[in-house]
Every structure is written in structure tokens, then in C-alpha cells.
Amino acid sequence: MREFRYEKAADPAGAVALLADEPTGAYLGGGTNLVDLMRLGVATPDLLVDVRQLTSTEVTDLPDGGLRIGAAVPNADLAGERRVRERYPLLAQALLAGASGQLRNRATTGGNLLQRTRCTYFTDVTMPCNKREAGSGCAAVGGYHRNLAVLGATNEGGESPHTCVATHPSDMAVALRALDATVQVLGRDGERSIPIAELHRLPGDDPTRDTTLAHGELITAIDVPALPWATRSRYRKVRDRASYAFALVSVAAAMDLQGTGPDAVVGDVRIALGGVAHKPWRATVAEDALRGGPATEAAFTAAAEAELAAADPLSDNAFKIPMVTNMITRTLLQISAEARA
Amino acid sequence: MVPGSAWGAWGTCVAVDNEITLRVDGAVTPLTVDTRTSLLDALRERLGNTSAKKGCDHGQCGACTVLLDGRRVNSCLVLAVTAEGQEVTTSDGLAGDGPHRLHETFVDHDAYQCGYCTPGQITSAAGVLAEAAQGWPSAVSEDLVAERTDLTDAEIRERMSGNLCRCAAYANIVPAVAEVATEQGVRA
């Protein structure tokens, strides 16, 4: 591991000031991802500013019935928080589907959003990777990629400086994307709010950047707006083993059914997908297709297929398309069955 | 440690030492650590406390699990400088005047073969029991908002999934944890 200095600040503004003039410095939250990347030589900060206990560790009520989650709330505490379990089951389920008990105890809410991809070439400094080393190429498109992106990727071939088929690894972020959370950020120029839709980005022509955060901006809290019908919501995840593995694909969904029995229609619906793209993928095509229409298996499948029409799989990950289509259908069927029960 | 030549591209090597105080299994020890030192390495190499084991050193196997202020964490991913002032408990430290009940049930149920993962399994199990006592659900919990946690076999398997055992003693680890869960009122 490369040598680095370690500092603590008195408050969030102090942490921002410490990092402002350190272009190669980084914030340290729980460290469950960053410390490992430093050990692998992927991350080489000169300075770590410890923010694990600097921002709020509280979950507080917002006036609209939503929740404000302090960036330092550990993932385990957030999953155990009764208001999250009651109001946003998909968020509690997403958190519980991620990592292990030990990691959830240490990992923070803010840090979870900023996890780096688990693409095997990103974490191997001997291999080309446009995300880790700009312009070095992409080993994944011609290599091991069954876990990687089928939507929104940049694929101009392995030699291109833009190619990146990485996926975002967070489960929690997929649920927060479905819930239209807002990320509160503190920077050198003060505070700003970022809709989570605008936090994570597609690789485009700069795969090195996972998010739209400027250097030194610190996530201080995540606001989850009220969504009364999110009490009928689910997070489902498919992975290579039953527990403690990253998603091949995942679905976070909530649905508001109007009417009862076979004539029920979809009043409103939220669907976000994990494991398919460089960012948590909001399935707006499927949502638009479903809103106001029948809540039937055929409609759910047709909407999912419409969303996945834009997919551009690699040679070894086309299986994700029927897998995520089936997952959307089964998740919506499960929610509608519970609503009708 | 990687030989010096491999670090040439990163410029001059300057060790960055910090003075910290670690509280481990009831003992308080001041020491100077390089910022790169993990809590696991500080325990084993500096304090001579070899209870927690190094398996993968990537947070994937759980052999290094300790309790930090009573909560289970992977000590390989915790930088020692960040543990200043916190209470570290290893499997050894769980013992009081005699063995902890988990030590006894692991022996009674033959819940290990080589034993390398066992201190991590036991501290992790202690964490599982504490989390269950708080009513925290898991990924396999049917009812997310249940008032009480019932540590069924399926719940124990899910909650212990961060601890790998290459001897595959899982079949005996589950009843060893279950017996203590019953005693503590978190298993029906």
C-alpha cells in the first residue's frame, strides 16, 4: 500500500477544507471498499480524511413524511431502522441483500453510494482498464464479463479509450433510485442537493468518473421523499450464490394498484434495476408503459421487454436480458398479489 | 511488503507514523503505527494477540472478525489509526473467568476441523446474537417488521454468510450457534 497521511476534522466543513487543496486526497468512510482498493494499488491517495463519524449517524423525519439519512449511518443500522422497514421495505431489503453482517456494520450510507465497480479488470492493476487508467483500453469486452453491463455502456472495442462495460455494485443505490432520493452534498462553495438520478453517470467518453461529484465534495445526508404506496415494494436480487455476493441483476420496485380483482390497474409504479449498467438504472420505459394499464402478467412482461429493447449485451452476458425481464415480471406479480390479498 | 523498487513510480517512500492507544480484550496499549497498518496486523504483529486470523485480507472470508465497540467487523479492512479509543474484542476476549458459551457449544458440536476460521466464526456469532436481540431482520426474514427475531437455521446461515469455512464445518456451526441463541431467547 502506498504511504498516506491520515487526518481528522472537527466538522464536515473542516473536512472539506482539508481535502480542497489535496488533489490526490480522499475521504475515508467505513473503508470497506477504499481500504481494499488501496491494498490492491487501485486507489493511491496521499491523504485520508476520516469522515466515518463526522456526518450525522441519525435517521430523522422530514416534514413531508420522508426520512433524512445521515451519511454516516451504517448500512446495518439503516436496514434495522424501523421507519425504513415500515415505509420503504424495498430499501431495507436492498441493504440486507448486500455484503455481510460485518461489512454492513462498518459501511456507511454515503460510502455505499460511492462504491467502485467490482469489474475484475478494474481491481487488477496489471490489466488494461479505462476506468482505473484513462485510455488504457478495456480488457472486459474481450474477457470475463458475464457480470457486466447490458444497458448504457460504451463499447467501441477493447482498444478504445472510451470503452467501459462496468456495473455499479450497490444494492442500496438501486432502491434509492426507485425512491427518487436526493443527495445532500457539502463542497468548497457550500451545500447543494443532487437528485440521485444525476449523481451516478454513464461512462460516456470518460469512464474514470462514476459520479458527478466534484473533487472534495462530501455527501452529508440522503433524503428519501414520502411515497405512501412504497409500503408495497420489493427488492429482488439474483446472484451466483444464495448470500454474500454482488448482483447479477436486481430489481427494486414499488406499485400503486387502483381497483381490485382482475380489473385493477396500475396507478403508479417505480422500477429500478441493478447489475445492468454503470449506474442504478431507472426503468422509465417500462414505468410509462405500465402506468394506467392493466396489472397483469402479460402487461408486466411486455413493459419489461420494452425496457430491455435497448439492451446491447456482450458475448457472455445476454442471459441478463431474459433474467431481468423475468425478475421485473415476478416482482410486480408479487407486489400485486400482496396488494390484492 | 512489496520490495522498494516496485514503488518507484509513486515517488519517495516516507512512513507516516501515528501514535494511538488500542483497547483490546480489556488491556490498554499505546503504540506507534504506520497509517497503513490494519487493525488485524496491529493485533497480531504488534500486540501479539493472534486470536483473529488473516485469511483473505480483503474482507471476503471473515477469519479476522472482531467486535469493535460490540459490533462485528472485518479487522483487515479497519485501519488501526481509526480504532483509537474504541473497544476491540477478539474471540479470546469473549472469555471471562471461563470459556464463553459459544466456545463451549463449538466444542460440543464439533463445529470446526482445522480451527483457523473459528475465532472469526465465534466473534461473528456473538455479533449475530446481539443483532438478533435488537430485533434486526435479515435477507431471509419473512416479516421485515416483526418485533422479535427468531434465529431459525436459515436465519443463522444467512447471518453467518460472511464467515467462510474451507473445512465446511457449517453443518455443525449452525447448531452450535442455535444452542446459544435458544439460551439467550432469540430462537423459538
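**Close-up views of a predicted two-chain model**

**View 1. Helix α4 of chain B against the sheet.** Helix α4 (residues 118-133) of chain B lies across β3 (65-68) and β4 of chain B and runs at about 40° to β3(B). Here helices (H or I, at least four residues) and strands (E, at least two) are DSSP runs numbered from the N terminus, and angles run from 0 to 180 degrees between N-to-C directions, with axes fitted as lines to C-alpha atoms, for helices over the stretch in contact. Two residues are in contact if their C-beta atoms, placed from the backbone, lie within 7 Å. This is a predicted model, in which local features need pLDDT of at least 70 and side-chain atom pairs count only at pLDDT 80 or more, whereas totals for chains, interfaces and linings use all residues. Residues are numbered from 1 along each chain as its sequence is written, while chains are lettered from A and ligands numbered from 1 in the order in which they are written.

**View 2. The mixed sheet of chain B.** In chain B, 5 strands form an open sheet with mixed pairing, in the order β2-β1-β5-β3-β4, where two strands pair if DSSP finds at least two bridges between them. Because β2 (27-34) and β4 (71-74) of chain B stand at the edges with a single partner strand each, one side of each is left without a neighbour in the sheet. Neighbouring strands of this sheet are turned by 40° against each other on average, direction ignored.

**View 3. Strands β1 and β2 of chain B, with helix α1.** Strand β1 (residues 17-24) of chain B runs antiparallel to β2(B), and 8 bridges join the two; I20(B) has L31(B) as its bridge partner in β2(B). Helix α1 (residues 39-46) of chain B packs on the sheet, where it touches β1, β2 and β5 (87-89) of chain B, and its direction makes about 110° with that of β2(B).

**View 4. The parallel sheet of chain A.** An open sheet of 3 strands with parallel pairing is formed in chain A, in the order β1-β3-β2. β2(A) pairs with strand β3 (residues 47-50) of chain A over 3 bridges in the parallel sense, and L28(A) stands opposite D50(A) in β3(A). Helix α1 (residues 12-20) of chain A packs on this sheet, touching β1, β2 and β3 of chain A, and its direction makes about 175° with that of β3(A).

**View 5. The contact between chains A and B.** Across this interface, 29 residues of chain A are in contact with 37 residues of chain B. On the side of chain A that touches chain B, the largest share, 5 residues, comes from α6(A).
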